[in-house]
Amino acid sequence: MAYPLLNSALAKQDHVNWELWVNPRGQFSAVAKPGSGAQSTHFGDVAHVVRLMNHATQSDALFQGWTEAGRAALCGLHTSLVSRRIQVAAGDKSHA
């Protein structure tokens, strides 16, 4: 059975086993990639993602692979440090 993603948008796509999808309420789902052996599940809300980012290192894969929808979901709800890390991971060096 497919994992329910009604009105969700792809938020992050670079993980080996999962893609993160976000719905309009800011709830993230981890959807298993075909053949990964992983299972799809609820990932958490925006606050959960921010907590993970605040404890990650700059090189952590958590800062890479965000789509426009993913960045929009986090916009205004994260610290400037997290925002800067996402910009750098996306290749934006204008604030370096």
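The largest pocket in this predicted model holds about 220 Å³ of space. A pocket here is an open set of points on a 1 Å grid over the protein atoms alone, where a 1.4 Å probe fits, with protein on both sides within 12 Å along at least five of seven lines. The volume is the space filled by probe spheres set on the points, which are joined across faces, edges and corners.

Thirteen residues line the pocket, with Lys-12, His-15, Leu-20, Phe-43 and Leu-62 nearest its centre; a lining residue has an atom within 4 Å of a point. Strands E2 (18-22) and E4 (41-45) each give two or more residues to that lining, and E2 has the largest share, three residues. Strands are DSSP E runs of at least two residues and helices are H or I runs of at least four, numbered from the N terminus. Here's the lining by class:

| Class | Residues in lining | Members of the class |
|---|---|---|
| Nonpolar | seven residues | Ala, Val, Leu, Ile, Met, Phe, Trp, Tyr, Cys, Pro |
| Polar | three residues | the others, Gly among them |

Two strands pair if DSSP finds at least two bridges between them. E2 and E3 (residues 27-32) share five bridges, and Val-22 stands opposite Phe-28 in E3.

Residue numbers start from 1 along each chain as its sequence is written. Local features need pLDDT of at least 70, side-chain atom pairs count only at pLDDT 80 or more, totals for chains, interfaces and linings use all residues, and side-chain values use heavy atoms, leaving out hydrogens and water.
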